[in-house]
Amino acid sequence: WEQEEVMRKKEFLPQLLRPARVQEEDWATQDLRNRLHALQFDPRSCGRAAIGHFPNHGAAATLNYLVIQLKRGLRDMRPVVLQGPWIYAGCEAGDLSCVFLPTSVCDTSNITLGPDGAPEAPVYPGRVEEQDPGYVPLIYATEGKSLLWFTSILTGSIFRPKPAYQARVAHEIEKLGLSVEPFIGMQVRRGGAGGET
C-alpha cells in the first residue's frame with residue numbers, strides 16, 4: 001500500500017519540489033567542519049572528552065539531542081562521546097554505529113577517570129535545556145551565520161550513514177522511481193504520542 005501511495009503522489013512532486021541546490025562551501029562552513037573534525041578526531045583530546053547522553057523520543061528529537069551535545073562540546077572545547085540507545089533502522093547493537101560512521105575517535109575506554117572511577121570530564125545530561133538555545137559561536141555569528149546554519153553543519157557531521165546503509169537507501173529510492181538528485185525531504189507528523197491520528 002505504501003509503495004502505491006508514493007507512486008500515486010510521485011507525479012505531483014516534480015511540480016511542487018525543485019531539486020535542492022548544492023552550494024559551494026564558504027570559509028565559515030569549511031572552518032566549522034575543520035574545527036569539529038579536529039575536536040572529535042584527535043586522539044590526544046580523548047582524555048578530556050565529555051560523555052553526551054541522548055534519550056530516544058522519536059528519530060528527529062533524538063537527532064536534535066545529538067546536535068545539542070556537539071554544541072556543548074564545541075562551546076567547552078571538548079570532544080563528545082555520544083552515548084544512548086539508538087533504536088531506529090532495525091539496530092540490534094543499540095548504538096549509533098548501526099547506521100552512522102563514527103562521530104569521534106574517543107570512547108568511554110579512553111576518557112580519563114578520577115580516583116573513584118568516575119569520569120573526570122563532564123557528563124552532559126540528555127534532557128537539560130540549553131542555557132543559550134540560540135548559541136552560535138561568535139566567530140560565525142559576527143559574519144551573519146544563523147542558528148539554522150550552525151545546526152545544519154552539526155547535523156551533517158552526525159548524519160553520515162555507513163556505505164552499506166546508503167546503498168540500501170539508494171536501492172529503495174530507485175525501486176520507488178524517485179530522483180537521485182539532491183532534494184529536501186519533509187516529514188509531516190499526523191498525530192502525537194499515544195497513537196493519535
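This is a predicted model: local features need pLDDT of at least 70, side-chain atom pairs count only at pLDDT 80 or more; totals for chains, interfaces and linings use all residues.

Colleague: At what angle do the axes of helix 3 and helix 6 cross, and which word describes helix 3 relative to helix 6?

Modeller: Helix 3 spans residues 27–40, and its axis comes within 11 Å of the axis of helix 6. The two axes cross at roughly 45°. That angle makes helix 3 oblique to helix 6.

Colleague: Is the crossing of helix 3 and helix 6 left-handed or right-handed?

Modeller: Helix 3 passes helix 6, and the handedness of this crossing is right-handed.
On the helix 3 side, the residues that meet helix 6 are A28, T29, L32, R33 and L36. Their partners in helix 6 are W149, F150, I153, L154 and S157.

Colleague: How many residues of the contact of helix 3 with helix 6 are nonpolar, polar and charged?

Modeller: The residues counted come from both helices, with L32 and L36 among those of helix 3 and I153 and L154 among those of helix 6. They divide into seven nonpolar, two polar and one charged.

Colleague: Which residues meet in the contact of helix 3 with helix 4, and how do they divide into nonpolar, polar and charged?

Modeller: From helix 3 come L32, L36, L39 and Q40, and from helix 4 come L70, G73 and L74. The division is five nonpolar, two polar and no charged.

Colleague: Is L39 buried or exposed?

Modeller: L39 lies in helix 3. Leaving aside neighbours within four places in sequence, L39 is in contact with S45, R48, G73, L74, M77, R78 and P79. Its relative accessibility is 6%, and under 20% counts as buried, so L39 is buried.

Colleague: How far apart in space are L39 and S104?

Modeller: In sequence, L39 and S104 are 65 residues apart. In space, C-alpha to C-alpha, the distance between L39 and S104 is 8.4 Å.

Colleague: What is the phi of M77, and where is M77 found?

Modeller: M77 is one of the residues in contact with L39. Its phi is near 55°, a positive value in a residue other than glycine. M77 is found in the loop between helix 4 and strand 2.

Colleague: Which residues does R72 contact beyond its neighbours within four places in sequence?

Modeller: R72 is in helix 4, which covers residues 59–76. At 6% relative accessibility, R72 counts as buried. Beyond those neighbours, R72 is in contact with Y124, P125, V128, E129 and E130.

Colleague: What kind of aromatic pair do F100 and F159 form?

Modeller: The structure holds five aromatic pairs. F100 and F159 form one with 5.3 Å centre to centre and 55° between the planes. That angle makes the pair tilted.

Colleague: Why does the pair of F100 and F159 tie together parts that are apart in sequence?

Modeller: F100 lies in the loop between strand 2 (80–83) and strand 3 (123–124). F159 lies in the loop between helix 6 (147–158) and helix 7 (163–176), so the pair ties together parts whose separation in sequence is 59 residues.

Colleague: Which of the two, F100 or F159, is buried, and which is partly exposed?

Modeller: F159 has a relative accessible area of 48%, so F159 is partly exposed. F100 has a relative accessible area of 3%, so the buried residue is F100.

Colleague: Which residues do ring pairs link into a cluster?

Modeller: W149 also belongs to the contact of helix 3 with helix 6. The cluster linked by ring pairs consists of W27, Y140 and W149.

How values were computed: Residues are numbered from 1 along each chain as its sequence is written. Side-chain values use heavy atoms; hydrogens and water are left out. Rings of Phe, Tyr and Trp (its six-membered ring) pair if their centres lie within 6.5 Å; planes under 30 degrees apart count as stacked, over 60 as edge-to-face and the rest as tilted. Helices (H or I, at least four residues) and strands (E, at least two) are DSSP runs, numbered from the N terminus. Buried means under 20% relative accessible area, exposed over 50%, partly exposed in between (1.4 Å probe, protein chains only). Axes are lines fitted to C-alpha atoms, for helices over the stretch in contact, and angles run from 0 to 180 degrees between N-to-C directions. Angles under 35 degrees count as roughly parallel, over 145 as roughly antiparallel, 65 to 115 as roughly perpendicular and the rest as oblique. A crossing is left-handed if the near helix is turned anticlockwise from the far one by less than a right angle, and right-handed if clockwise. Contact means heavy atoms within 4.5 Å. Ala, Val, Leu, Ile, Met, Phe, Trp, Tyr, Cys and Pro count as nonpolar, Asp, Glu, Lys and Arg as charged, and the others, Gly among them, as polar.
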